Amino acid sequence: MTNLLRINTSVFDGGHSQGVSTELGDTLLAALQAMEPGLQVSLRDFAEQPLPHLDAAWLQALTTAKEKRTTAQQNMVNFSDQLIHEIQQADVLMIAAPMYNFTIPSMLKAWVDHIARAGTTFKYTEQGPVGLLGAKKVYVLATTGGIHEEGVSDFVRPYLRTALGLLGLTDIEFISAAGLNMGTEQRQKGLQQAQQDIKSVAHGFDAFLRQRAVSFAHSMKADEHEEAVA
């Protein structure tokens, strides 16, 4: 069984006001489900459940020993723990990331702040930080009103590569729809490019599933060997 965690970050909710990144996510999900009918999907939608930003009180709760936490502090920790649990259980991560003022939505940044926890999702070593989330496939649906160059006026892709890389998530594919607010012709061009990207990554998803099956088989054999030796 393959678990997919879908993160919708658009400020627009469903229905008539659904954002383009969410619509493209629907298309990508359908394509992945066609490759893997048994795909188990969990959804975290920021428009339906706004994500709280970390503040001094939240950081205080996370750094207070469990036995000394107040009920309010424990509730804060439980919320962050749930977000971490969701990504730990996922094999595939799908993030809708519309560009707002050259970068990611603020609640997506808040999500990263909640899940990036030293000792849990990454650790510090003498050689630098090491991610602890393991091998997962990540798809990012990046939508922009204009046309931007990565690292110049587009800080969506550089930030997500770095932030997710900290956690050990380096197998990232971006599906981009650019120029959506630059007139009908450019909008159609951007959407067509995104549709082509979706077809491409969906085709590659089959290879990911096969590799995952091989890795699982090898781990099972290793466990059997260890039990036999013991």
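A residue counts as buried when its relative accessible area is under 20%. Keep that cut-off in mind while walking through this structure, which is a predicted model.

Start with strand 3. How many of its residues are buried? Seven of its seven residues are, so by that cut-off strand 3 is mostly covered. Now look at which way the residues point. Val92, Met94, Ala96 and Pro98 face one way from the strand. Leu93, Ile95 and Ala97 face the other way. Both sets are buried.

Next, find the neighbours of strand 3. Strand 1 is joined to strand 3 by five bridges, and the two run parallel.

Where does Ser21 sit? Its place is in helix 1, residues 20-35. Is Ser21 buried or exposed? Ser21 has a relative accessible area of 2%, so it is buried.

Move on to helix 4, residues 106-115. Seven of its 10 residues are buried, so the rest of the structure largely encloses this helix. Which ones are they? The buried residues are Met107, Leu108, Ala110, Trp111, Val112, His114 and Ile115. What covers them?

Packed helices are described by the angle and the distance between their axes. For helix 2 and helix 3, the axes come within 9 Å. They cross at roughly 85°. Angles of 65 to 115 degrees count as roughly perpendicular, and helix 2 and helix 3 are therefore roughly perpendicular to each other. Which residues make the contact? Helix 2 brings Ala57, Trp58, Gln60, Ala61 and Leu62. Helix 3 brings Gln73, Met76, Val77, Phe79 and Ser80. By class, seven residues in this contact are nonpolar and three are polar. None is charged.

Key
Residues numbered from 1 in each chain as written. Predicted model: local features only at pLDDT ≥ 70, side-chain atom pairs only at ≥ 80, totals over all residues. Heavy atoms only, no water. Buried < 20%, exposed > 50% of the residue type's maximum accessible area, 1.4 Å probe, protein only. Helix = DSSP H or I, 4+ residues; strand = E, 2+ residues; numbered from the N terminus. Pairing = 2+ DSSP bridges. Axes fitted to C-alpha atoms, helices over the stretch in contact; angles between N-to-C directions. Parallel < 35°, antiparallel > 145°, perpendicular 65-115°, else oblique. Contact = heavy atoms within 4.5 Å. Nonpolar A, V, L, I, M, F, W, Y, C, P; charged D, E, K, R; others polar.
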